[in-house]
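Open the model in your viewer and keep the sequence panel beside it. The stops below say what to select and what is found there.

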Amino acid sequence: METSKTLRDVLQGLGGLWRGISLSRDGERDFEFKPNLPEEQRDRLRQLMRDCLEERGGEISARVRAAQLGRAYISMTAEGRQRFLQLLVHEFPPDAKHLCDLARRMLDAGDPESFLEAKQRLDKAMASPGLRLLSHFNILPAGVKFLIDLRADLLEWAGEDKRLAHLSHELRGLLATWFDLGFLRLQRIAWESSAALLEKLIAYEAVHEIHSWTDLRNRLESDRRCYAFFHPALADEPLIFIEIALVEGLAGSIQDLLDPSAPEVDPQTADTAIFYSISNAQKGLRGISFGNFLIKQVVDDLRRDFPDLKTFATLSPIPGFTRWLQQVWEDEKDDPLVETLRRAVSDAAARLETEATIQAVVSCLGWWEDEQVVEWLQDPLERLCLRYFHQKRGDGFPLDPVQRFHLGNGARIERINWLGDLSPKGMRQSCGLMVNYRYKLEEMEKNHEAYTGEQRIVLSRKLRSRLDAQERDRGALLGLWKGR
C-alpha cells in the first residue's frame, strides 16, 4: 500500500511534533529504526512495546514511549509498518486463560453484586494488549489522527491476517466512542474557504474526481453547495465532504450535472437538492456511521436557505454491479434474462467489432451513441440491475455498499438511470448505470426500521411495480425453459 501525499505530509508533521516528546528524560536521543524494520531490530521494538504495556515509570514514561513508537511507525515504509503491527498482535496476544477464568467467575457468581463485579473485571481485561498500547497515543498531540491513519493501514492488511482484523475491529470501537455525533460540526465550503481546505477537498474526493481548480470552482458556484463535517479532535481535518447540486427535477446524468458549460440555475427556483458525492475523508473511520445524522443536518441547512426545496435525493454510483454481473454471466447458464443479455452482447460485439463480453462492449468508446446497441443492451441491463439491488450478503443485507449506506439512513431506491455515468470508471463499475436514492423526510424513520429490522429493500412505487412484473415474467420463462 502506497501512502498518499496528503497522508505522508500529515505523518511527517506528526514526526516533528513528537520529536521532542520522544527524547528520554535525560535528553538521550531515541533509537532510530530502519524503514523496513529488519529482523535484527525487532527485539529492540519488542522490548519497547513491552515496556510501554507494562507502564513502567508512570504516565510521563508512557507518553515518552508512545512517542518513540509513533515516530518509529511514521518513519517506516508500508512493509515496515505491516511488520510493526504484525509483531504487536502476534507477540502480545490476549491472555486466553485469564479471560476464560474471569468469564467463569462471572458465570459462577452467586448474587447480582458479585456478577457485576466479575463482569467489570472481564470488561476491563477484554481489551487486547495491542489496543491498550495504541490507546497511549490518545495523550499525544494529534494522536487521534495518528490512530485513524493507523487503522487505515490495518484495513488494508486485515484480509491477510485475522489478528490484524481483530485489532482493526477493536480500534474501530475505540474511535467510535471518541467520535460521538454530538461533537460533529457542520461547515459550508465555498470558493472563499482556505486554500488548505480546498486542496483537501480535491485530494479526498472519492466519487467523482476533481480534475482542476476550474472544475472545483464549478462545483462551488451559486447553484451548488458543499459541506464538510469536523470534529474537535481533528480541528483542521474534515471527516466527510458532501457535494450538492440545486436543480429542477430529479437529475439522472452526472456528466450533465457536472458540465462546466451548463448555465447556472437560479438556486431560488430549484425544487430539488441532489447529493451527488459523499466522500469519507478519513479511511480509518470506515465502519463508523455518521450518515443519518449528517444528511439530516445538511437538509436542515438547505431548507433554511431554500424553503422551496421539495425533493432531496442522491445521484449515486452502483460500484458492485459489473462485478456481480460477471458472476451471474458465468454461473447462471439457464437464466432467461442472462441469456437475453448474452444475445444482446453478442450482437453488440459484432456491430462494434470487439470481443463478445460485457466488459469489452462497454469499454468501447462511444458505444452509447449507437442507437441499435443501446436498444439491445438497455432493457436487460436495467432489469438485471434491479435484481442486483435485491442480492444479499451472508448477513442478509445488500451486496452494494452505497445501497447499504443510503437504505440504512432511511432512503428508498427511487429510479435507475440509464447511461448516468459515461466515464471509464462508471463503465467499469456499473456499465454506466446510476441510481437515485430519495430521502422523504416523513418516511425516513419508517424506511430505516424496515431495512435494519426486516432487511427490506424499500423501492419507489414505479420500481416495485416493475420488479413484480419482471419476477412474474421470469417465473413464466423459467417454466418454459425447463419444459423445452
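Predicted model: local features only at pLDDT ≥ 70, side-chain atom pairs only at ≥ 80, totals over all residues.

Residues are numbered from 1 along each chain as its sequence is written, and side-chain values use heavy atoms, with hydrogens and water left out.

**Whole chain.** Show the C-alpha trace of the protein chain: along its principal axes it spans about 80 × 60 × 50 Å. Colour by secondary structure to see 21 helices and 7 strands; these are DSSP runs (helices H or I, at least four residues; strands E, at least two), numbered from the N terminus. Of the 484 residues, 50% count as buried, where buried means under 20% relative accessible area, exposed over 50% and partly exposed in between (1.4 Å probe, protein chains only).

**Helix H17.** Select residues 371-388, the 18 residues of H17. From first C-alpha to last, H17 reaches 25 Å, close to the 26 Å expected at 1.5 Å a residue; the expected span is 1.5 Å times one less than the number of residues. At the start of H17, a side-chain oxygen of Asp370 comes to within 3.0 Å of the backbone nitrogen of Gln372. Move on to Leu377, where H17 has a kink of about 35 degrees, shortly before the proline Pro380. That bend is the angle between axes fitted to the seven residues ending there and the seven starting there. Among the buried residues of H17 are Val373, Leu381, Glu382 and Arg383.

**The core.** Next select Leu302, Phe321, Leu325, Trp367 and Leu377, which touch the most other members of the largest nonpolar core, a set of 109 residues. Such a core consists of buried Ala, Val, Leu, Ile, Met, Phe, Trp, Tyr and Cys residues joined through side-chain atoms within 4.5 Å. Its largest share, 8 residues, comes from H17. Apart from it lies another core of 13 residues, including Ile189 and Cys226.

**Cysteines.** How many disulfides does a search of the whole structure find? It finds 0 disulfides, a disulfide being a pair of cysteine sulfur atoms within 2.5 Å. Cys385 is in none, and the nearest cysteine sulfur, that of Cys431, is 9.0 Å away. Cys385 counts as buried because its relative accessibility is 0%; Cys100, at 45%, counts as partly exposed.

**A surface residue.** Finish at Glu59 in helix H3 (residues 58-75). Glu59 is exposed, with a relative accessible area of 63%.

How values were computed
Polar contact = N/O pair within 3.5 Å; in protein donor to acceptor, adjacent residues only side chain to side chain.
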